[in-house]
Amino acid sequence: MDELTLILNASEKRLQFALMQDTILLHAEESEPQKNGADTLLPHIKQICEQFSLSPSQIKKIAAAAGPGNFMGIRLTATIAAAFCRANNGLQGSINYMHALAGNFFAKQGEIIHIMTSGTRELVHSQCFQAVNGTMQAITDLKLIPYAELANIPCDYCYGSGTRSEKAQEVLTKQACVLLPASFDSPSINSLIQCLQAVTWQKQDISPIYLKECDAIQNLPHIAKLQGRDPKACREELNRLLNA
């Protein structure tokens, strides 16, 4: 029975999945669903398998974008990967979302691409990649930095959702790098497929890449006050539950 590989990404607004048989791409889709729009993902994957006379039980490998990005989107794909691999005795692997974005642009040898994605109102996810022998290699660590620090990062090109805010634009217009259009701000299906070359397949669940707390935790003090509770006590109780 032929084994299938499933690629999932929901790190930002776009939901993407691709179904592969060995190195052959059978089907790929992407959309920008509204709230709860991802609820149909599993039934849709089942439908696509049936269309090709395949079974979801043949999906033995799942590679999911682990972030950084949307808390719920990353958890969604990580949970699907874990469920499939447990049910099918398969393997799962993590894709660095920043690496997937870096593969969108065909840079020349030695050129540096700075990927920036939205973090918070004051911070942006930042990582640089360099074209080396036809591949994009990370040359800086993934960081969450203030917009002002973007001026100190040398590169040839930059793009990503983090470049679109007014604060980022103000800094980047003073840079010598080329700001690529918003069409580069979501990874292409081909770029996600190329990321499979760097995936380490494992039985263990995918560890999401979070450089910041989710919005619910950040808003906890405000929510606690609205409910007439002590914000400090609520945070202590949350920490207790998370580490129980």
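User: Why is Cys 195 called buried?

Analyst: In this predicted model, Cys 195 has a relative accessibility of 7%. Buried means under 20%, so Cys 195 counts as buried.

User: What makes Cys 234 count as buried or exposed?

Analyst: The relative accessibility of Cys 234 is 17%. That value is set against the limit of under 20% for buried residues, and Cys 234 therefore counts as buried.

User: Why is Leu 8 called buried, and where does it lie?

Analyst: Leu 8 lies in strand E1. Its relative accessible area is 1%, and the limit for buried is under 20%, so Leu 8 is buried.

User: Which residues is Leu 8 in contact with, leaving aside its neighbours within four places in sequence?

Analyst: Leu 8 is in contact with Gln 16, Phe 17, Leu 41, Ile 45, Ile 62, Ala 63, Ala 64, Ala 65, Thr 77 and Ile 80, with neighbours within four places in sequence left aside. Contact here means heavy atoms within 4.5 Å. A separate value concerns Ala 18: its C-alpha is 6.8 Å from that of Leu 8, and the two residues are 10 apart in sequence.

User: What makes up the largest nonpolar core?

Analyst: The largest nonpolar core has 20 residues, and Leu 6, Leu 8, Ile 45 and Ile 59 have the most contacts inside it. Two or more residues of this core come from each of strand E1 (4-9), strand E2 (15-21), helix H1 (41-51), strand E4 (59-67) and helix H2 (71-88). There is also a second, separate core of 16 residues, which includes Leu 101, Phe 105, Phe 129 and Phe 184.

User: Why is Leu 19 called buried?

Analyst: Leu 19 has a relative accessible area of 1%. Since buried means under 20%, Leu 19 is therefore buried. Leu 19 is found in strand E2. Apart from neighbours within four places in sequence, its contacts include Leu 4, Leu 6, Ile 48 and Ile 59.

User: What makes Thr 117 buried or exposed?

Analyst: Thr 117, which is placed in strand E6 (residues 112-118), has a relative accessible area of 1%. The limit for buried is under 20%, so Thr 117 is buried. Beyond its neighbours within four places in sequence, Thr 117 is in contact with residues including Glu 12, Pro 68, Tyr 97 and Leu 101.

User: Where is Pro 68, and what is the form of the peptide bond from Gly 67 to Pro 68?

Analyst: Pro 68 is found in the loop between E4 and H2. The peptide bond from Gly 67 to Pro 68 is cis, with omega near 5°. Most peptide bonds are trans.

User: Why is Ser 53 called exposed, and what is its phi?

Analyst: The relative accessible area of Ser 53 is 68%. Exposed means over 50%, so Ser 53 is exposed. Ser 53 is placed in the loop between H1 and E4, and its phi is near 55°, a positive value in a residue other than glycine. Most residues other than glycine have a negative phi.

User: How do you know that Asn 89 counts as exposed?

Analyst: Asn 89 has 60% relative accessibility. The limit for exposed is over 50%, and Asn 89 therefore counts as exposed. Asn 89 is found in the loop between H2 and strand E5 (91-96), with a positive phi of about 55° although it is not a glycine.

User: What makes Ala 87 count as exposed?

Analyst: Ala 87 lies in helix H2 and has 63% relative accessibility. With exposed meaning over 50%, Ala 87 therefore counts as exposed.

User: What lines the second largest pocket?

Analyst: The second largest pocket is lined by 17 residues, and Gly 103, Gly 134, Thr 135, Met 136 and Gln 194 lie nearest its centre. Its volume is about 420 Å³. The largest share of the lining, three residues, comes from H5. By class, the lining has eight nonpolar, nine polar and no charged residues.

Notes:
Residues are numbered from 1 along each chain as its sequence is written. This is a predicted model: local features need pLDDT of at least 70, side-chain atom pairs count only at pLDDT 80 or more; totals for chains, interfaces and linings use all residues. Side-chain values use heavy atoms; hydrogens and water are left out. On a 1 Å grid over the protein atoms alone, a cavity is a set of points where a 1.4 Å probe fits but cannot get out, and a pocket is an open set with protein on both sides within 12 Å along at least five of seven lines; lining residues have an atom within 4 Å of a point. Grid points are joined across faces, edges and corners, and a volume is the space filled by probe spheres set on the points. Helices (H or I, at least four residues) and strands (E, at least two) are DSSP runs, numbered from the N terminus. Ala, Val, Leu, Ile, Met, Phe, Trp, Tyr, Cys and Pro count as nonpolar, Asp, Glu, Lys and Arg as charged, and the others, Gly among them, as polar. Buried means under 20% relative accessible area, exposed over 50%, partly exposed in between (1.4 Å probe, protein chains only). A nonpolar core is a set of buried Ala, Val, Leu, Ile, Met, Phe, Trp, Tyr and Cys residues joined through side-chain atoms within 4.5 Å.
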